[in-house]
Amino acid sequence: MQTINIIQILSDIGAGKRGSHEGVKWLCERHSIQPSAIFENHLDSKYLTPPAKYIDNLTAFFQQFIPTLTQYYQQPEFPVILTGDHSNAIGTLSALCNAYPKQRIGVIWIDAHADLHTPYTTPSGNIHGMSLAALLRQDNLSQQIHTLTPEVEYYWQHLKQLAPTSRGILPQDICFLGLRDFESQELALIEELSIPYYSTQKMRELGFEKVLTQVKQQFADVDLLYVSFDVDALDSGLISATGTPVSEGFTELEIITLLEQLLALPNLSVFEITEFNPILSDDKAQYEMIYRLFVQALEHIERR
């Protein structure tokens, strides 16, 4: 049986709404497990407004935990990452690149959103909408709407190079599942880089079996696979306990199907759950649904 390291990242300042760090703690308390590591963000920031809110804070926070997380990735235990918001993936994936700089790393992004904005294109300034752009080391200047100060430019370029000895994540090694809410600037980058993506509706039209076969083929040759599950991939009718719920999303059973298939892939190396925010809803049934999916994921990983 595969042993697991639960790693908590208690930071939610990359999101537009606070509280998702409480979702990280709630899941561990509900399951009565002690995390192997806790990284908590107590840093200050002087960048509180767009186009890159808290970028100095997050750059420093990621620099703090990447060395230790890199060591956890090199241990035999399987890392399950619970993060407050999706901006933390800049740090968690950079740590994986840092741990295995010569390995080809694939990313399956189960999310309603593309998270491909940059400080040059963002409508909100929230870094959780820029995670994959940073990891792809993209500026998307052809879609630029903001001019950055030299300080913000410095931090952004630094975020893109948190694993300097690695080539980073390549566009052909990313796939979006459940993508349905994005801006034109993000779509332009998706099309420019030819990144595969499937909306929930497209997956239903094609059939989950066919889509998952295509996804498995896409990632067959990567060395390490990182699967990230943002709970807003679920339909907004099922989940309001997240910062940016979107309609026409997955059902709980559909997420169970995805986890069953993807978490059995032989090159799976990291699994992440993010953006569960119990502060935004007092509906305990929603909490229990996320908990069931968490437990399902742990059981699949333990059987590896």
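Trainee: How many cavities of 30 Å³ or more does the structure hold?
Mentor: This is a predicted model, where local features need pLDDT of at least 70 and side-chain atom pairs 80 or more, while totals for chains, interfaces and linings use all residues. Residues are numbered from 1 along each chain as its sequence is written, and side-chain values use heavy atoms, without hydrogens and water. On a 1 Å grid over the protein atoms alone, a cavity is a set of points where a 1.4 Å probe fits but cannot get out. With 30 Å³ or more as the limit, the number of cavities is two.

Trainee: Which helix gives the most to the lining of the largest cavity?
Mentor: That cavity holds about 60 Å³, a volume being the space filled by probe spheres set on grid points joined across faces, edges and corners. Its lining residues (an atom within 4 Å of a point) include Ile90, Ser94 and Cys97. Helices (H or I, at least four residues) and strands (E, at least two) are DSSP runs numbered from the N terminus, and helix H3 (89-99) and helix H4 (131-136) each supply at least two lining residues. The most, three residues, come from H3.

Trainee: How many residues lining the second largest cavity are charged?
Mentor: Ser20, Gly23, Glu275 and Phe276 are among the residues lining this space of about 40 Å³. Here Ala, Val, Leu, Ile, Met, Phe, Trp, Tyr, Cys and Pro count as nonpolar, Asp, Glu, Lys and Arg as charged, and the others, Gly among them, as polar. The lining has five nonpolar residues and four polar ones, and the charged count is one.

Trainee: What is the volume of the largest pocket?
Mentor: A pocket is an open set of points with protein on both sides within 12 Å along at least five of seven lines. Its lining divides into four nonpolar, 10 polar and eight charged residues. The space in the largest pocket is about 340 Å³. Of its 22 lining residues, the closest to the centre are His113, Ser124, His128, Gly129 and Thr244, and the volume asked for is about 340 Å³.
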